[in-house]
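Subject: Structure for you to look at

Hello,

Here is the structure I promised to pass on. Please open it first, then read my notes below.

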Amino acid sequence: MSLIPPLLGGAVFLAGLALAADHRGAARWVVEVLLNPAHADPSLLRRYARRGIEHPQMDFYRDALRQRRLVRFWGGLASALGLLVLTMSTVFLVLG
């Protein structure tokens, strides 16, 4: 068995843990940079502007706190999944 599954499990565990714990503002960064519609593809924003309507999620800052909590929750789930993959793949690596 290769070392790829334990490495991927460890990476997912650490990334999820950073999001769940909001280490150095990781959850805030994900929400403000990756989920912010103002940072969307310029062609998408131009398409909405041509039609004379606003992007459906431009009320982003009103929901930013709720989205940050949701990112932290999903980070915790990703951390648990990564720990499970890391544990199982390490057990199979040692036994097999």
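A contact here means heavy atoms within 4.5 Å of each other. Keep that in mind for Ser-79. Ser-79 touches Val-12, Phe-13, Gly-16 and Leu-17, leaving aside residues up to four places away in sequence. Its place is in helix H4, residues 60-95. Is Ser-79 buried or exposed? Ser-79 counts as buried, because its relative accessibility is 8% and the cut-off for buried is under 20%.

Please note that this is a predicted model. The chain averages a pLDDT of 85. At least 70 is reached by 91% of the residues. Among the elements, helix H1 (residues 4-21) has the highest mean pLDDT, at 94. Helix H3 (residues 42-50) has the lowest, at 76.

Now the overall fold. The chain has 4 helices and 0 strands. From the N terminus on, the order is α-α-α-α. What are the spans of the C-alpha trace along its principal axes? They are about 60 × 25 × 15 Å. The radius of gyration is 18 Å, whereas a compact globule of 96 residues would have one near 12 Å.

Of the 96 residues, 20% count as buried. Take the contacts with a separation of 6 or more: 71% of them are between residues 24 or more positions apart.

The accessible surface comes to about 7,000 Å². Carbon and sulfur atoms hold 67% of that surface.

One more residue to look up is Leu-35. Where does Leu-35 lie? Leu-35 is in the loop between helix H2 (26-34) and H3. With 38% relative accessibility, Leu-35 counts as partly exposed, because that value falls between the limits of 20% and 50%. Leu-35 and Gln-67 are 32 residues apart in sequence. In space, the two are 8.8 Å apart, C-alpha to C-alpha.

Best wishes

Terms used
Residues are numbered from 1 along each chain as its sequence is written. This is a predicted model: local features need pLDDT of at least 70, side-chain atom pairs count only at pLDDT 80 or more; totals for chains, interfaces and linings use all residues. Side-chain values use heavy atoms; hydrogens and water are left out. Helices (H or I, at least four residues) and strands (E, at least two) are DSSP runs, numbered from the N terminus. The radius of gyration is taken over C-alpha atoms; the globule rule is 2.2 Å times the number of residues to the power 0.38. Buried means under 20% relative accessible area, exposed over 50%, partly exposed in between (1.4 Å probe, protein chains only). Accessible areas come from the Shrake-Rupley method with a 1.4 Å probe; for residues, only the protein chains shown count as cover. pLDDT is the predictor's confidence in each residue, from 0 to 100.
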